[in-house]
Amino acid sequence: MEITLTHYLVLSSVLFAIGLIGVMRRKNLLMLFFATEILLNATNIAFAAISHYIGDLSGQMFAFFIIAIAASEVAIGLGLLIVWYKRTGKIDLDQMNSMRG
Amino acid sequence: MELYLYIALFAPLVGSLFSALFGASAKTSLTGYVASGLLFTSFISSVLLLNYVLGGHTVHVEMMTWMATGNLYIPFGFVVDQVSVVMMMVVTIVSTVVHVYSIGYMDHDKGFNRFFSWLSAFVFSMMVLVMSDNFAGLFIGWEGVGLCSWGLIGFWYHKESATWAANEAFIMNRIADLGMLIGIFMLYWNVGSLQYDVVFAEIGNLPVVITTWIGIFLFIGAMGKSAQFPLHTWLADAMEGPTPVSALIHAATMVTAGVYLVVRANPIYDLIPNVGIFIASLGAFVALFAASMALVNRDMKRIIAYSTLSQLGYMFVAAGLGAYWVALFHLMAHAFFKALLFLGAGNVMHAMHDELDPFKMGGLRKVMKGTFVMMTLASVALAGIYPFAGFFSKDLILEVGFVEHHYVIYTVLLLTAGLTAFYSFRLVALIFHGEERYKLFGIHPHEAYKFMLVAMSPLLVLAIIAGSFKMTYFQLVMNLLPATQYHVHNQTIFWIMTIGTQLFVIGAILFAYKKYSNWNSVPDGTSKMEKSFGYKLLWNQYYIPKFYEEVFSRPYLELSKVAWKEIDLKIVDATVDMIANAIYKTGENTRDIQNGNLSTMLRWMVFGLVVLLALAVAFTVGYNAVGA
Amino acid sequence: MLDHILSILIFFPALAAMLGFVVTKDSMRAYGIAVAFVEFVLSLWLWYAYDPMISGMQFMESAPLIKSFGISYLLGIDGISLFIIILSTFFTLLGIASLTETRHVKNLIITLLFLEMTMVGVFAALDAIVFYVFWELSLVPMLYIIGAWGGALRIYASVKFFLYTFTGSLVMLVGMLFMAYFYYQATGQWSFSILEWYRLILPENFQLWLFAAFFIGFAIKVPMFPFHTWLPYAHGQAPTIGSVILAAILLKMGTYAFIRFSLPLFPDASVYFMFPIAIIAIIMIIYTAMVAYAQEDIKQVVAYSSISHMGIIILGTFALTVEGVSGSVFLMIGHGVVSGALFLLVGVIYDRRHTKLMSEFGGLASVMPRYATIFGIMMMASVGLPLTINFVGEFLSLLGFYKQSHMITLTAGTAIIVGAIYMLSAYKKAFFGPVTNEENRNLKDVNRTEMLGLIPLVIVAIWLGVYPKPVLEPINNSVESVIQLMHDKAQSQEAKARIPNLSDVSGMNSMQEAH
Amino acid sequence: MFEAIAFYLFAVLTIVMFTITVMTQQALYAITAMAAGMIFISAFFFILGADFLGAIQIIVYTGAVMALYAFGMMFFDTTRNVVEKRTNTQIVFVLGVLAAVMVVAIFVAPIASNNIEALYPVDAAIGNTQAIGIVLFTKYLVPFELAAVMLLVAMIGGIVLAGKKMDKSLTLMAEEDIGSMDDSLESKAGGH
């Protein structure tokens, strides 16, 4: 049987769901970053798949830029995380409520 | 002549305001004299007006406009014509006597000045009621009289029962006044004005159903003021007030205002005979009803009050059957001897240190000679024995009943005449004859002041000779009221009837004398008679006051408490607060969206995302469906 | 001077209030009385210069505010608004003169003067937006008076009062904007002046909606039955002076606005809603009278009694006959005088005993005879005894409504009975009977300042009861022009029949029952 | 035929790996599972013919990002298993699935109605990398430069934030301390 675009889309949505679950479940900030990575990759797959099936390179270009963004995001994210760790000694999500409403 | 009209009208008001100035301060007998003097001047001017009116002309004056909006024009207008001059005479004579009497009666009372201001104010509102030339002016007097009776019944305001009785009287009168008000509204919207002359000219060409309704509503007003059947309980309780008040208000003037209204509005009632029949039958019923209650009562003033109620019934019978001049004549005669009876009772009450139960007195004729003579003659007049006034006015009503072929009413009235004779002489016998039972209670009575007896003497004279005025009175009133002569045609029946009633009444008197003149024991509710159902029924006034209490006043109070506690606080107020709280609560719950907890915020974010996506999908699908 | 008298009447107290901040604390009372007195004299001069024969607006003033939307500073008075203005200046003078409040008297007087400005402003404004501005402004000083000088629950009471009336007036504002928009659609140019709105004939269903919008705003202010729950709290917690002004003047804004806005602008809707509103009025009359009967606190009795009287006023207004409407306007003034006096009287006993529970009093008549007589006179006036001011109003209102329907007038007529019941029982509990409570034994009778406040009111209550002509005539002329305007504007047949046509005076004897 | 097998194999593997990263209590398991997951995603790219993309994925993602994370993990004491307060997990699942379904529905819709035409047609003739090169440096030149700048900024930010003074955080110290810190630096010659 032939792999159609919907297979890829279903796959990417499943991965997206897993990433989302991860984001929402995690209290530890680092684990949360992992989950965001998963989210980004899920979209990448979808982009790549669509660009492949409709024969248009812009999909892949987009994926490139996403990877670039992801990389820089991780760099900054971890840096902030370290600063936060220095201050509080813990990286648990619930401590971060100084911006309370 | 206008000057005398204004003097007659405003003299009592001046007297009232003068004594009101001293209202708070201690007793100054000056107020008594000034008030009585002014009343006397009002009486003199009424006499002058009387012979002016006897000369065949009337006085009609319009002082100033009262209310004038749209097509409504109500002036302060006063008219002195035949009917009102008779009423003025009655009012001024009785009130002058009562004023002079109460100088003596109230001399130990702290509120002496206040009493006179209320009493004169009462006479003023009665004069306004009687002399006004339109229904609105009548209504002013109507309510003014109600106010003064409230003030006077509740005069000794430290007594709980007095204030309760005052409020009951005022509220019950108010219920009747509502009926009258509606009657006045109907009159205005159908006739366009409230002036007597315009109304009585115009009333003819109104549809009968409207005239009937007007007649009924006006009669409801009369019923309340003259304490007819459903609204009669306040009269008995009104005896809480000082005795001169009962004499003036609850014997001679206020209670007769209802009769005056029916007599004054005779053109209306002529057009609606069936309402007349209803009034007559109600009057007959009340006559019998009140007389029965008086038989067993053990309070001197209440017995006299019931006898007034019964005589009012007589008057309404006459008025109902169209014999307006007979009703007015009985009103006049009755006012004299009933006021005399009350004042006599006042003397006895004073002598007995405010003791009211006749069974606790006895043998007072030796000590209170004057009062004994007066009360006996007044009772004789009340019973309607030949030479006295009662015979000419009361028996005339019996004749009217007979001539108009209302034999049921005639027999009822005849029976009531007997009962009246019985209970009035039961009272006289118990108080003045028999064994001095008051000695058991260590009371040593003394006769009233000399000038009080002198003050009462004019009433005594009038009670005796009032009958003789009948012819001159008839000529006077003939040109205003329908002057139908009531004569039983064949002489034999006439003589049988009159002699029969006389014998019946005398028999009742002798029976009462025999039964009560040598009474020696003070019944304490143990005797067989007092346990009988009939006695208990009459004693509790047919359980009507209790019925009113249970059916009207207590449920009204409970309903008001429910209205306040439940409806106002719990329902109406709660809904308002509930709306406010609802807004407050939503604010409260949504507050934790910003509570800084990142994971909840993430969840809300994803929730928002999902909702938006759902909307996007829904619209696109919807859009396509619509588009397709 | 004369053609700007209304602006002077409005802004003089406000400026004086501003100046008041400078005045020292102890001479503030004299300053307040002087300002209020000058204001009262000005309003009397206004009455003197007013020509009762003309039924239209007098002393008109106009100055464009926002020209593009036709909002202009338009003032003018006629018979209906003249006497309520005089009443408000009269009561501010009386209020300040007989002020027994001791806490922050300076701020209180300034707030009162500011309140006076808003009151006079509401009744003199003829431009919808100016009217709305003063309508809202009058809430602010009242909020302070109740909130600052009030009793225990004052914050709750003042906030409830403010928010409740405020939401109502917002709905009213929406109504006004719509009305202006319809005017724009009809005539092509914007205008908020009520007089121009009078000439606009709206289709029936628009009228219904706009009437409903205005109705909610006014009903809360009156207060009508379902919206009345703020009044007992406001009166319960307000200081004496606050209750007096609230009862005497502020409640009249609602009913005045009915006559100024709802009736002439939407005649068909008024006829359409006449019976439902009459039913509400009856509920107001009888239900609040019963609630008043069940009260223990004398001030609540008077508060609920004023709702009951407002019921009669509403009934008179929606009688849509000249007698009815002029009766209701007269009753507004009557009720203002009587309920103002009653609240002053309650204040007198509150200053002595610091409690308002009737169970605490008893036998006051023997202890304070003068107080008892004045209270008695005012009670009788409140019950509507003839020759007092309330009777004229109640008589005419009920008479007016009788033409529309017999049954409703009969049930509404029970007002005089239930009114007598709760008033007399309150009077009996407080004044009659032996002196039970020891503290009542040596209470001082009414002193000079309190007398200063009460005697003028007693005189007015009896004078206007005996000779109401000087007040009733101007009211009558203005009301006739309003009713005539309504008759001409009415489109539906039923409205034509209900609203009497005054032009054919001959129509008197053809006045068969319309109903 | 092979393509299908490959697809399903890798799909299952990626899903398992990523569920482990999300569900595990152990940080180490999480990071290793994720690295493996990244590799399998690059496999997809190769299946789809985006070879250059696959390569980039391996180098950048699995290489750099994972390295950074590893480095970060060393820093935080993640040896203990991460105990987390579980709160109403089922909401999380429901929301996740719902979001996924929505996203898919959005993606599928345009393609199902196939009204999208290719902007830059990919013809098999030129190699994937070459084609990407052409497109990257013609149409997407500006975004390319921007991405470069961004990466530079990210790098500098990372350095500043996680600078040498691990114990002293630059952002917290007042201005003058920072000044004095430099001379103390020379004195102590080498923090830790």
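This is a predicted model: local features need pLDDT of at least 70, side-chain atom pairs count only at pLDDT 80 or more; totals for chains, interfaces and linings use all residues.

**Chain B, first look**

I began with chain B, where buried residues make up 54% of its 628 residues. I counted the elements next and got 25 helices and two strands for chain B. Its C-alpha trace spans about 110 × 65 × 50 Å along the principal axes. Taking contacts with a separation of 6 or more, 81% join residues 24 or more positions apart.

**One helix in chain B**

I picked helix α14 of chain B, residues 300–320, and checked its length. How many residues of α14(B) are buried? I got 21 of the 21, so this helix is largely enclosed by the rest of the structure. I also looked at what follows α14(B): it is G322(B), with a positive phi near 95°.

**A glutamate in a loop**

Next I went to E240(B), which sits in the loop between α9 (233–237) and α10 (243–252) of chain B. Buried or exposed, I wondered about E240(B)? It has 24 C-beta neighbours inside 10 Å, and the cut-off for buried is 20 or more, so E240(B) counts as buried. I then asked which residues E240(B) is in contact with, leaving aside neighbours within four places in sequence. The list is I153(B), K159(B), S161(B), A162(B) and A165(B). I also took one distance from here: E240(B) and M293(B) are 53 residues apart in sequence, and their C-alpha atoms are 18 Å apart in space.

**Chain C, α1 against α4**

Over to chain C for helix pairs. A reminder to myself: two packed helices are described by the angle between their axes and the distance between the axes. For α1 (residues 5–20) and α4 (residues 105–124) of chain C, the axes come within 8 Å and cross at roughly 165°. Angles over 145 degrees count as roughly antiparallel, so α1(C) and α4(C) are roughly antiparallel to each other. I noted the hand of this crossing too, and it is left-handed.

Which residues of α1(C) and α4(C) meet? From α1(C) I wrote down L6(C), L9(C), I10(C), F11(C), P13(C), A14(C), A16(C), A17(C) and G20(C). Facing them from α4(C) are I109(C), I110(C), L113(C), F114(C), E116(C), M117(C), V120(C), G121(C) and A124(C). By class, this contact has 15 nonpolar, two polar and one charged residues.

**Chain C, α16 against α19**

The second pair was α16 (residues 369–383) and α19 (residues 448–466) of chain C, which pack at an angle of about 40° with axes 11 Å apart. The crossing of α16(C) and α19(C) is left-handed. The contact is made by I374(C), I377(C), M378(C) and A381(C) of α16(C), with L454(C), V458(C) and A461(C) of α19(C). Sorting the residues of this contact by class, I got seven nonpolar, no polar and no charged.

**Chain A**

Chain A has three helices and zero strands, in the order α-α-α from the N terminus on. Of its 101 residues, 58% count as buried. Among contacts in chain A between residues at least 6 apart in sequence, 49% join residues at least 24 apart.

**Which chains touch?**

Last, I went through the chain pairs. Of the four pairs in contact, chains A and D share the most contacts. There, 73 residues of chain D are in contact with 62 residues of chain A. On the chain D side, the elements giving two or more residues are α1 (2–23), α2 (27–47), α3 (51–75), α4 (89–112), α5 (128–138) and α6 (141–161). Which of them gives the most? It is α4(D), with 14 residues. By class, the side of chain D that touches chain A has 57 nonpolar, 13 polar and three charged residues.

I also noted two pairs that do not touch. The nearest C-alpha atoms of chains A and C are 26 Å apart, and for chains C and D the figure is 39 Å.

Key: Residues are numbered from 1 along each chain as its sequence is written. Chains are lettered from A and ligands numbered from 1 in the order in which they are written. Two residues are in contact if their C-beta atoms, placed from the backbone, lie within 7 Å. Helices (H or I, at least four residues) and strands (E, at least two) are DSSP runs, numbered from the N terminus. Ala, Val, Leu, Ile, Met, Phe, Trp, Tyr, Cys and Pro count as nonpolar, Asp, Glu, Lys and Arg as charged, and the others, Gly among them, as polar. A residue is buried if 20 or more other C-beta atoms lie within 10 Å of its own, exposed if 12 or fewer, and partly exposed in between; C-beta atoms are placed from the backbone. Axes are lines fitted to C-alpha atoms, for helices over the stretch in contact, and angles run from 0 to 180 degrees between N-to-C directions. Angles under 35 degrees count as roughly parallel, over 145 as roughly antiparallel, 65 to 115 as roughly perpendicular and the rest as oblique. A crossing is left-handed if the near helix is turned anticlockwise from the far one by less than a right angle, and right-handed if clockwise.
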